[in-house]
Amino acid sequence: MPDVAVVTDTTHYLPRDTVAELGVGEVSLYVNDGERQEREADIVDLAAFYERLRTAASLPTTSQPSIGDFLAIYEPLVRDGRDIVSIHISGGISGTVEAARQAAAELAESGSRIEVIDSKLACGALGMVVLATTARARAGAGVEAVAARAREAASATRLWFAVDTLEYLQRGGRIGPAQAWLGGALKIKPILTFDGEIVPIERVRTSGRAFERMVKYLRARHDDGADGWVVQHIQAPDVAERLVASGREIFGREPLFVSEIGPVIGAHTGPGLVGVGGIPLGLLEE
């Protein structure tokens, strides 16, 4: 067992078997549909969730984990004498990382070091950072080296995503600088990224152009040396598979993972999202 445990939150959307294999600690965010609050980790029927989202009069709300949720993960690790690197969704769009810091402060006298890191990312970009961080921890590195790997990976990792419409981001209040694109522009296909908050890249008029732009971005990541790549989607498996096929031609290897984005992010972006990103494979080495 590594001396340093890696903890994250559910907004990475790595495949579930990958999370289990790596032994990553995971704290769940929450989704509230007005009638009940559920842990994102417990919502397994994504098709049913997104079908409800399409017809909902009001969007579900999402919320960060509590300090107690973090303590429930941290305390057993601390009792085992392990240090912790806890890396999370961008603090610019969620209070999750602040809750983690408060929980870590409560354990300041425990004898274990807890390094809490704001990735400034989300979704597959956070997932790639988790893979890089875990690789360093499993190699037996100390907490400072593991945290340094997490920060380096976060700086080197990028994910672009195209959404069908800005409507969900607008209604959910997470639109950020893309607010400037509103005003008769809800029918465009926005291309966005995470950089502390949701940042607009460009806008195209058709799904075909959005697909072409995603492929072009994969080529750019390859040319920049980010040779580990991923594809994510929301209720768009056919488009995702086409992106995977294009990525295989560009990189000459399989993606690190392909997965569907879950309810916490999906409630704010809506169905139809596709995303691609990359990380230098050297950061995934032990």
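**View 1. E144 is an exposed residue, at 55% relative accessibility.** Here "exposed" means over 50% relative accessible area, "buried" under 20%, and "partly exposed" in between, using a 1.4 Å probe and protein chains only. The side chain of E144 meets that of R113 in a salt bridge, 3.1 Å from N to O. A salt bridge is a side-chain nitrogen of Lys or Arg within 4 Å of a carboxyl oxygen of Asp or Glu. E144 sits in helix α6 (residues 143-156) and R113 in the loop between α4 and β7 (114-118), so this pair ties together parts that are 31 residues apart in sequence. Helices (H or I, at least four residues) and strands (E, at least two) are DSSP runs, numbered from the N terminus. R113 is partly exposed, with a relative accessible area of 35%.

**A note on the model.** This is a predicted model, in which local features need pLDDT of at least 70 and side-chain atom pairs count only at pLDDT 80 or more, while totals for chains, interfaces and linings use all residues. Residues are numbered from 1 along each chain as its sequence is written, and side-chain values use heavy atoms, leaving out hydrogens and water.

**View 2. E98 and R101 pair up inside helix α4 (residues 96-106).** Their side chains form a salt bridge of 3.6 Å, N to O. The two residues are three apart, about one turn of the helix. E98 is partly exposed at 38% relative accessible area, and R101 is also partly exposed, at 37%.

**View 3. E241 forms a salt bridge with R248.** The closest N and O atoms of this pair are 3.6 Å apart. E241 is partly exposed at 43% relative accessibility, and R248 is partly exposed at 33%. Elsewhere, salt bridges that share partners join R113, E115, E144 and R151 into one network. How many salt bridges does a search of the whole structure find? The search finds 14.

**View 4. Helix α8 (residues 207-223) meets helix α9 (residues 237-251).** Their axes, lines fitted to C-alpha atoms over the stretch in contact, come within 10 Å and cross at roughly 30°. Angles run from 0 to 180 degrees between N-to-C directions. The contact, meaning heavy atoms within 4.5 Å, is made by residues including F211, M214 and L218 of α8 and L243, I250 and F251 of α9.
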